[in-house]
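Work through the following exercises with the coordinates open, and try each task before reading its solution.

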Amino acid sequence: MQQKVLFVCLGNICRSPLARALFQKHLEDRNLTHRFSCDSAGTSGLHQGENADPRTLKNAAQNGLLFNHSARQFRVTDFEEFDHIVVMDESNEVNVLKLCRADHHAQKVSRMRNWDEENPGANVPDPWYGGEEGFEEVFRILERSTLALLKDLSKV
Ligand code: 4NP
């Protein structure tokens, strides 16, 4: 059976859509799409239905990654639907856990940078208010963290 991974941030237009697209690319590069599926969501519904932020899309394209997206809000049924719920930062974690009603659901929640050898457990910084370098930093963090996550889950 496929393992299902959900990436979560605040707006679902910068960090988690990029994490989802990078994880999907790692799956395709390694012929692992039959073993995993992935999606992303935001704890807020502020940008529901929007594509990813133009700055995220531009930076990803500069790094050779093209993707499309439609933002959606995290919902309580995601705890049932997904095997792994990977949040970008501490506030996303607090907000997700507020909606959680069962221990076995809470155990599905982890932080993206638990898999980052550089500064493990740290927040993936929110690039929303910053400049282009912030989007590049987020790309580098998510590129390596999503690959380390996949290696851990697939033991490849
Ligand atoms: P994200 O970034 O959580 O990585 O999608 C943000 C997007 C939008 C806002 C904040 C962060 N906002 O305040 O609208």
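On a 1 Å grid over the protein atoms alone, a cavity is a set of points where a 1.4 Å probe fits but cannot get out, whereas a pocket is an open set with protein on both sides within 12 Å along at least five of seven lines, and lining residues have an atom within 4 Å of a point. The model is predicted, so local features need pLDDT of at least 70 and side-chain atom pairs count only at pLDDT 80 or more, while totals for chains, interfaces and linings use all residues. Residues are numbered from 1 along each chain as its sequence is written, and side-chain values use heavy atoms, with hydrogens and water left out.

**Exercise 1.** Find how many cavities of 30 Å³ or more a search of the whole structure gives, and state which residues line the largest cavity.

*Solution.* The search of the whole structure returns one cavity of 30 Å³ or more. Two or more of the lining residues come from each of α1 (15-29), α2 (54-62) and α6 (132-154), where helices are DSSP runs (H or I, at least four residues) numbered from the N terminus.

**Exercise 2.** Locate the ligand, and describe the pocket that holds it.

*Solution.* The ligand sits in the largest pocket, in the sense that more than half of its atoms lie within 2 Å of the pocket's grid points. This pocket holds about 170 Å³ of space, and of its 13 lining residues, Leu10, Gly11, His47, Asp126 and Trp128 are the closest to its centre.

**Exercise 3.** Identify polar contacts (pairs of N or O atoms within 3.5 Å) to the ligand.

*Solution.* A polar side-chain atom of His47 lies 2.8 Å from a ligand oxygen atom, and a backbone N or O atom of Leu10 lies 2.9 Å from an oxygen atom of the ligand. For Asp126, a polar side-chain atom is 3.4 Å from an oxygen atom of the ligand.

Conventions
A polar contact is a pair of N or O atoms within 3.5 Å; within protein, one must be able to donate a hydrogen and the other to accept it, and residues adjacent in sequence count only if both atoms are side-chain atoms. Grid points are joined across faces, edges and corners, and a volume is the space filled by probe spheres set on the points.
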